[in-house]
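I opened this model to look up a sheet, some contacts and the aromatic pairs. My entries follow the order in which I looked.

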Amino acid sequence: MIDIRLGQDRGWANNDWLNSRHTFSFGSYYDPNYMGFASLRVINEDTVQPGQGFGLHHHQEMEIISYVLEGALEHQDSLGNSSIIRPGDVQRMTAGTGIQHSEYNPSASEPVHFLQIWIVPETNELAPGYEQIHSPIAARHNRLQLMGSRTGRDGSMTIHQDVNLYASTLSQHRSIAYALPPQRVAWLQVAKGAIQLNGTYNLTAGDAAAITELQRFEVQGQSEASDILLFDIAA
(Lines give C-alpha, C1' and ligand atoms only; values in the text may rest on other atoms or scores of the structure.)
Protein backbone atom coordinates (compact mmCIF):
# COMPACT_ATOMS: atom_id res chain seq x y z
CA MET A 1 0.00 0.00 0.00
CA ILE A 2 1.22 3.51 -0.85
CA ASP A 3 -0.35 6.60 0.71
CA ILE A 4 0.72 9.96 -0.71
CA ARG A 5 1.22 13.04 1.46
CA LEU A 6 1.30 16.07 -0.83
CA GLY A 7 3.57 18.89 0.21
CA GLN A 8 0.89 21.48 -0.54
CA ASP A 9 -1.36 19.89 2.08
CA ARG A 10 1.14 20.21 4.93
CA GLY A 11 0.76 22.58 7.85
CA TRP A 12 2.35 25.99 7.47
CA ALA A 13 3.88 28.53 9.83
CA ASN A 14 5.32 31.72 8.42
CA ASN A 15 6.71 34.88 9.97
CA ASP A 16 9.34 37.45 9.08
CA TRP A 17 12.29 35.09 9.66
CA LEU A 18 10.94 31.52 9.40
CA ASN A 19 8.93 29.65 6.78
CA SER A 20 8.08 26.17 8.05
CA ARG A 21 6.03 23.38 6.48
CA HIS A 22 4.87 20.59 8.80
CA THR A 23 4.36 17.06 7.45
CA PHE A 24 2.88 15.95 10.77
CA SER A 25 1.00 17.78 13.52
CA PHE A 26 3.33 20.26 15.16
CA GLY A 27 2.94 23.42 17.23
CA SER A 28 -0.34 25.15 16.33
CA TYR A 29 -0.90 22.80 13.34
CA TYR A 30 -3.04 19.80 14.23
CA ASP A 31 -4.40 17.08 11.97
CA PRO A 32 -5.50 13.83 13.67
CA ASN A 33 -4.73 11.95 10.44
CA TYR A 34 -1.09 13.05 10.52
CA MET A 35 0.28 12.56 14.02
CA GLY A 36 3.36 10.71 12.82
CA PHE A 37 4.26 7.46 11.11
CA ALA A 38 5.45 4.53 13.25
CA SER A 39 8.25 6.07 15.38
CA LEU A 40 8.68 9.01 12.98
CA ARG A 41 7.04 11.98 14.71
CA VAL A 42 8.13 15.21 12.95
CA ILE A 43 9.37 16.28 9.52
CA ASN A 44 9.51 20.06 9.30
CA GLU A 45 10.88 21.78 6.23
CA ASP A 46 12.32 25.06 7.49
CA THR A 47 13.76 28.08 5.73
CA VAL A 48 15.45 30.55 8.09
CA GLN A 49 16.40 34.04 6.95
CA PRO A 50 19.97 35.40 7.27
CA GLY A 51 21.11 36.22 10.78
CA GLN A 52 18.03 34.59 12.36
CA GLY A 53 17.29 31.33 14.10
CA PHE A 54 15.87 29.36 16.99
CA GLY A 55 17.19 30.67 20.29
CA LEU A 56 18.20 28.44 23.19
CA HIS A 57 15.33 26.08 24.01
CA HIS A 58 14.71 22.76 25.76
CA HIS A 59 13.91 19.24 24.49
CA GLN A 60 13.73 15.81 26.05
CA GLU A 61 12.93 12.19 25.15
CA MET A 62 13.39 12.64 21.40
CA GLU A 63 15.94 11.91 18.67
CA ILE A 64 16.28 15.15 16.67
CA ILE A 65 17.89 15.02 13.22
CA SER A 66 18.86 18.02 11.07
CA TYR A 67 19.51 17.63 7.34
CA VAL A 68 20.63 20.75 5.47
CA LEU A 69 19.59 21.22 1.84
CA GLU A 70 20.96 24.72 1.15
CA GLY A 71 22.98 27.19 3.15
CA ALA A 72 24.52 26.61 6.59
CA LEU A 73 23.07 26.01 10.04
CA GLU A 74 24.98 26.80 13.23
CA HIS A 75 24.30 24.47 16.16
CA GLN A 76 25.12 24.99 19.84
CA ASP A 77 23.94 22.98 22.83
CA SER A 78 24.25 22.61 26.58
CA LEU A 79 26.72 19.73 26.17
CA GLY A 80 29.24 22.21 24.76
CA ASN A 81 28.87 21.17 21.12
CA SER A 82 29.23 23.86 18.48
CA SER A 83 29.19 23.13 14.76
CA ILE A 84 28.16 24.30 11.31
CA ILE A 85 25.91 21.95 9.31
CA ARG A 86 26.03 22.20 5.51
CA PRO A 87 24.53 20.24 2.58
CA GLY A 88 25.53 16.61 2.82
CA ASP A 89 25.77 16.80 6.61
CA VAL A 90 23.35 15.04 8.91
CA GLN A 91 23.23 15.68 12.64
CA ARG A 92 21.59 13.68 15.42
CA MET A 93 20.91 15.12 18.85
CA THR A 94 19.63 12.79 21.55
CA ALA A 95 17.53 14.96 23.85
CA GLY A 96 17.14 12.12 26.36
CA THR A 97 16.74 13.34 29.93
CA GLY A 98 17.01 16.94 28.75
CA ILE A 99 19.12 19.20 26.55
CA GLN A 100 19.12 22.84 25.51
CA HIS A 101 20.17 23.91 22.04
CA SER A 102 19.98 26.68 19.48
CA GLU A 103 19.95 26.58 15.67
CA TYR A 104 20.99 29.76 13.87
CA ASN A 105 21.67 30.93 10.33
CA PRO A 106 25.15 32.50 10.50
CA SER A 107 25.02 33.96 6.98
CA ALA A 108 24.49 37.68 6.53
CA SER A 109 23.00 37.22 3.07
CA GLU A 110 21.76 33.68 2.36
CA PRO A 111 18.83 31.77 3.88
CA VAL A 112 19.30 28.25 5.22
CA HIS A 113 16.92 25.51 4.05
CA PHE A 114 16.83 22.29 6.05
CA LEU A 115 14.71 19.41 7.33
CA GLN A 116 14.20 18.95 11.04
CA ILE A 117 13.20 15.37 11.88
CA TRP A 118 12.05 13.94 15.20
CA ILE A 119 12.04 10.23 15.99
CA VAL A 120 10.64 8.79 19.20
CA PRO A 121 13.45 6.79 20.90
CA GLU A 122 12.90 3.18 21.85
CA THR A 123 14.14 3.89 25.40
CA ASN A 124 13.42 6.82 27.68
CA GLU A 125 15.89 8.54 30.01
CA LEU A 126 18.83 8.24 27.65
CA ALA A 127 21.87 10.39 28.34
CA PRO A 128 21.82 13.46 26.06
CA GLY A 129 24.16 13.09 23.10
CA TYR A 130 25.27 14.52 19.77
CA GLU A 131 26.66 13.18 16.50
CA GLN A 132 27.30 14.62 13.04
CA ILE A 133 28.50 12.94 9.84
CA HIS A 134 29.04 14.05 6.26
CA SER A 135 28.05 12.23 3.09
CA PRO A 136 29.39 13.77 -0.13
CA ILE A 137 27.02 13.72 -3.09
CA ALA A 138 29.27 11.22 -4.86
CA ALA A 139 28.60 8.68 -2.10
CA ARG A 140 24.83 8.85 -2.60
CA HIS A 141 24.67 9.57 -6.31
CA ASN A 142 22.12 7.17 -7.82
CA ARG A 143 22.37 4.89 -4.81
CA LEU A 144 21.00 4.74 -1.29
CA GLN A 145 23.58 5.82 1.28
CA LEU A 146 22.96 4.78 4.88
CA MET A 147 23.00 7.94 6.99
CA GLY A 148 21.63 6.66 10.29
CA SER A 149 20.89 3.32 11.94
CA ARG A 150 20.21 1.71 15.29
CA THR A 151 23.79 0.38 15.54
CA GLY A 152 25.67 3.10 13.68
CA ARG A 153 26.84 0.51 11.15
CA ASP A 154 28.81 1.29 8.00
CA GLY A 155 29.83 4.72 9.24
CA SER A 156 26.27 5.93 9.78
CA MET A 157 25.23 7.94 12.80
CA THR A 158 23.48 6.14 15.65
CA ILE A 159 19.71 6.56 16.06
CA HIS A 160 18.25 5.19 19.29
CA GLN A 161 15.38 3.49 17.51
CA ASP A 162 14.94 0.65 15.01
CA VAL A 163 15.23 2.97 12.00
CA ASN A 164 17.45 2.93 8.93
CA LEU A 165 17.75 6.38 7.34
CA TYR A 166 19.00 6.54 3.75
CA ALA A 167 19.70 9.48 1.43
CA SER A 168 20.08 9.51 -2.32
CA THR A 169 20.60 12.05 -5.11
CA LEU A 170 19.08 10.70 -8.31
CA SER A 171 19.88 11.79 -11.84
CA GLN A 172 17.07 12.10 -14.35
CA HIS A 173 15.71 8.68 -15.42
CA ARG A 174 18.02 6.79 -13.05
CA SER A 175 16.29 4.34 -10.74
CA ILE A 176 16.89 2.64 -7.45
CA ALA A 177 14.91 -0.26 -6.01
CA TYR A 178 14.39 -1.11 -2.36
CA ALA A 179 13.31 -4.40 -0.78
CA LEU A 180 11.29 -3.77 2.36
CA PRO A 181 11.77 -6.56 4.91
CA PRO A 182 8.80 -8.14 6.69
CA GLN A 183 7.38 -6.23 9.65
CA ARG A 184 8.87 -2.99 8.30
CA VAL A 185 7.32 0.15 6.87
CA ALA A 186 8.88 2.98 4.89
CA TRP A 187 8.48 6.74 4.60
CA LEU A 188 9.85 8.35 1.43
CA GLN A 189 10.41 12.12 1.60
CA VAL A 190 11.24 14.13 -1.53
CA ALA A 191 13.60 16.88 -0.41
CA LYS A 192 14.51 18.39 -3.81
CA GLY A 193 13.59 17.83 -7.44
CA ALA A 194 11.02 15.32 -8.70
CA ILE A 195 10.68 11.53 -8.68
CA GLN A 196 8.35 8.80 -9.83
CA LEU A 197 7.42 6.05 -7.38
CA ASN A 198 6.62 2.57 -8.71
CA GLY A 199 6.00 3.96 -12.19
CA THR A 200 2.73 5.50 -11.01
CA TYR A 201 3.11 8.31 -8.49
CA ASN A 202 4.77 11.56 -9.56
CA LEU A 203 6.14 13.42 -6.54
CA THR A 204 7.95 16.72 -6.23
CA ALA A 205 9.86 18.48 -3.45
CA GLY A 206 7.84 18.45 -0.24
CA ASP A 207 5.75 15.43 -1.22
CA ALA A 208 6.07 12.12 0.61
CA ALA A 209 4.78 8.55 0.57
CA ALA A 210 3.94 6.14 3.37
CA ILE A 211 4.75 2.62 2.16
CA THR A 212 3.31 -0.43 3.92
CA GLU A 213 2.68 -4.08 3.04
CA LEU A 214 4.95 -3.95 -0.01
CA GLN A 215 7.95 -6.22 -0.53
CA ARG A 216 9.65 -3.97 -3.06
CA PHE A 217 9.35 -0.51 -4.58
CA GLU A 218 11.26 1.57 -7.11
CA VAL A 219 12.11 5.28 -7.30
CA GLN A 220 13.13 7.01 -10.52
CA GLY A 221 14.57 10.51 -10.82
CA GLN A 222 12.49 12.90 -12.93
CA SER A 223 14.71 15.99 -12.74
CA GLU A 224 18.41 16.73 -13.11
CA ALA A 225 19.14 16.09 -9.42
CA SER A 226 16.49 14.85 -7.01
CA ASP A 227 17.22 14.39 -3.31
CA ILE A 228 15.24 11.84 -1.32
CA LEU A 229 15.28 10.56 2.23
CA LEU A 230 14.07 7.03 2.94
CA PHE A 231 13.13 5.88 6.43
CA ASP A 232 12.94 2.09 6.89
CA ILE A 233 11.17 1.66 10.24
CA ALA A 234 10.01 -1.18 12.46
CA ALA A 235 6.23 -1.44 12.11
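The entries below go from the ground rules to the sheet, then to single residues and ring pairs.

**Ground rules.** I worked on a predicted model, where local features need pLDDT of at least 70, side-chain atom pairs count only at pLDDT 80 or more, and totals for chains, interfaces and linings use all residues. Residues are numbered from 1 along each chain as its sequence is written, and side-chain values use heavy atoms, with hydrogens and water left out.

I looked up an open sheet of seven strands, in the order 1-20-17-22-15-13-14, with mixed pairing. Its edge strands are strand 1 (2-5) and strand 14 (157-158), each pairing on one side only. Strands here are DSSP runs of E, at least two residues, numbered from the N terminus. Two of them pair if DSSP finds at least two bridges between them. I then followed strand 1 to strand 20 (residues 208-211): they pair in the antiparallel sense over four bridges.

**Arg5.** I found Arg5 opposite Ala208 in strand 20. Arg5 also lies over the face of Tyr34, at 3.7 Å from the ring centre. For a charge to sit over a ring, NZ of Lys or CZ of Arg must be within 6 Å of the ring centre and within 35 degrees of the ring normal.

**Tyr104.** This residue is in strand 10 (residues 99-104). Tyr104 counts as partly exposed because its relative accessibility is 37%; the class lies between buried (under 20% relative accessible area) and exposed (over 50%), with a 1.4 Å probe and protein chains only. Beyond neighbours within four places in sequence, I listed its contacts (heavy atoms within 4.5 Å), among them Gln52, Ala72 and Glu74. The Tyr104 side chain reaches the backbone oxygen of Gly51 at 3.0 Å.

**Aromatic pairs.** How many aromatic pairs does the structure hold? I noted six. Rings of Phe, Tyr and Trp (its six-membered ring) pair if their centres lie within 6.5 Å; planes under 30 degrees apart are stacked, over 60 edge-to-face, the rest tilted. Tyr166 and Tyr178 are edge-to-face, at 5.6 Å centre to centre and 65 degrees between the planes. Tyr166 is in strand 15 (residues 163-170) and Tyr178 in strand 16 (residues 175-179), 12 residues apart. Tyr166 is buried at 13% relative accessible area, and Tyr178 is buried at 11%. The rings of Tyr178 and Phe217 are tilted, because their planes stand at 45 degrees, with centres 5.7 Å apart. Phe217 lies in strand 21 (residues 216-221) and Tyr178 in strand 16, so this pair ties together parts 39 residues apart in sequence.

Note on methods:
A polar contact is a pair of N or O atoms within 3.5 Å; within protein, one must be able to donate a hydrogen and the other to accept it, and residues adjacent in sequence count only if both atoms are side-chain atoms.
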